[in-house]
Amino acid sequence: MRTRHTLGLAAVVSCATLFAMVLVVRDGESGGDASSRSRFPKGHYAALGDSYTSGPDIPDQNGEPAGCDRSDRNYPALVADGLGLEATRFRDMSCSGATMGDLLAPQSTDDGVNPAQLSAVSSNTRLVTLGIGGNDIGFASLVTTCVKAGARHQRYQRDQMENGAVSRADDDPCRARYVSVGTDEVATRITAAGRRLSAALRAIGQRAPNARVYVVGYPSILPAKGGGGNGGGDGDCVRAMGLAPGDVSFLRQKEQQLNAMLRDRAEAAGAVYVDTYTPSVGRDACAAPDVRWIEPLIPAAPAASVHPNERGERGMARAVLSAVRAAGS
C-alpha cells in the first residue's frame with residue numbers, strides 16, 4: 001500500500017519523532033514441497049499488486065523499473081519457487097503505489113515506468129495472484145493523518161499533565177476526521193474500490209480464461225484491542241506507531257473492512273480469496289521485532305515503514321501456496 005512517494009511515511013516518522021508455500025510451516029522454513037509443484041499445470045504465473053506484494057526495502061531489490069521496489073524475496077517470488085516454476089514462466093508486475101487503474105495502464109514511479117500490469121496476463125497464464133486495494137482507498141494517507149493526529153493528541157495530554165489539568169482529549173481524533181453522523185468517508189472509498197476490483201477481475205478472466213485467480217488480502221497491521229503479539233496492544237501502538245489509542249481500533253476496523261470487500265468481490269467473480277490476516281494476528285507492527293510480519297514507523301528490519309518484512313512475505317507466500325494446494329491448481 002505504499003504511495004508513489006514511498007508511502008509518504010518518511011515524513012510521518014520525522015513528524016512523530018519531533019512530537020515525541022503451501023504448508024503450515026515455521027518462520028524460516030521453505031515455502032513449498034514436491035506435492036505443491038506437481039499440482040501446478042503447464043502455463044505461466046502472473047503476480048499483480050501493490051507494495052505489500054512487491055516488498056519495498058527487503059533485500060535484494062530487483063526488477064524493472066527500480067521504482068517499483070520489488071524484492072526477490074517477496075511472496076510472488078517465493079510462490080514461484082515453491083511451485084518449481086522456471087523464470088520464463090513467472091512474471092512479477094507488482095509495483096509500489098499501484099492502484100487498480102495501474103492494472104490497465106502504465107504506472108509512473110519515482111524511477112521508471114511500469115507497464116500495465118495486465119500486460120503479463122494472457123491465454124497462456126494459468127495462475128494469477130492479485131494483492132491490491134490499499135492505495136485505492138488512500139490507506140497510506142489515512143495512516144499519515146492518524147499519526148499526525150496522534151502526535152497532537154500526545155502533546156495535548158502531556159501539556160494537560162504538566163499544567164495539572166484534568167480534561168482529556170478524545171482518544172480517537174482521526175476517526176472524527178473521517179467519520180461523522182451518517183457519513184464514513186473510508187467506507188465510501190472501500191465500496192468504490194470494490195466496483196473497480198470487480199471490473200479488474202472481469203478483465204483478467206477475459207485475458208486468461210483458463211487461469212485460477214487468487215485475490216490476496218492484507219495481513220494484520222495493528223493488534224486486536226488489548227493484546228498484540230507478545231504483550232502488544234493499543235498502548236504499545238501509541239509508542240510504536242504514534243497513534244491515539246482509539247485510532248488503533250479505527251485503523252484496524254478499516255483494514256478489516258477492506259479485506260472483507262476483497263473477499264466478497266473475489267468470491268462473486270469466482271476467484272479464490274487468500275486470507276493473510278488470520279495467520280498474522282499477533283504479528284502486527286506493534287508486536288515484538290522477532291515475531292512481527294509488519295514493521296512499525298521506524299523499521300527494525302530491512303523493510304519499508306508499515307509494510308511487510310521478509311518474515312511477513314514468507315507468511316503471505318505460505319498462505320497463497322496453501323490456497324493453491326487446496327484448490328488443486
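**View 1. Helix H4 passes helix H11 in a right-handed crossing.** In this predicted model, H4 covers residues 75–82 and H11 covers residues 310–327. Their axes lie 8 Å apart and meet at an angle of about 50°, which makes H4 oblique to H11. On the H4 side, the contact is made by Tyr75, Leu78, Val79 and Gly82. H11 contributes Glu313, Arg314, Met316, Ala317, Val320 and Leu321.

**View 2. An open sheet is formed by 5 strands.** Strands of a sheet pair through backbone hydrogen bonds, either parallel or antiparallel. Here the pairing is parallel, and the strand order is E4-E1-E7-E10-E11. Strand E4 (90–92) and strand E11 (272–274) are the edge strands, each pairing on one side only. On average, neighbouring strands of the sheet are turned by 15° against each other, direction ignored.

**View 3. Strands E1 and E7 pair in the parallel sense.** E1 spans residues 44–49 and E7 spans residues 125–131, with 6 bridges between the two. Ala46 stands opposite Val128 in E7. Helix H7 (residues 185–207) lies across E1, E7 and strand E10 (212–216). H7 runs at about 165° to E7.

**View 4. The largest nonpolar core has 75 residues.** In soluble globular proteins, nonpolar side chains tend to be buried together. The core members that touch the most other members are Leu48, Leu142, Ile204, Leu222 and Met241. H7 supplies the largest share of this core, 8 residues.

**View 5. Leu142 and the residues it touches.** Leaving aside residues up to four places away in sequence, Leu142 touches Cys174, Tyr178, Val186, Phe250 and Leu251.

How values were computed: Residues are numbered from 1 along each chain as its sequence is written. This is a predicted model: local features need pLDDT of at least 70, side-chain atom pairs count only at pLDDT 80 or more; totals for chains, interfaces and linings use all residues. Side-chain values use heavy atoms; hydrogens and water are left out. Two strands pair if DSSP finds at least two bridges between them. Helices (H or I, at least four residues) and strands (E, at least two) are DSSP runs, numbered from the N terminus. Axes are lines fitted to C-alpha atoms, for helices over the stretch in contact, and angles run from 0 to 180 degrees between N-to-C directions. Contact means heavy atoms within 4.5 Å. A nonpolar core is a set of buried Ala, Val, Leu, Ile, Met, Phe, Trp, Tyr and Cys residues joined through side-chain atoms within 4.5 Å. Buried means under 20% relative accessible area, exposed over 50%, partly exposed in between (1.4 Å probe, protein chains only). Angles under 35 degrees count as roughly parallel, over 145 as roughly antiparallel, 65 to 115 as roughly perpendicular and the rest as oblique. A crossing is left-handed if the near helix is turned anticlockwise from the far one by less than a right angle, and right-handed if clockwise.
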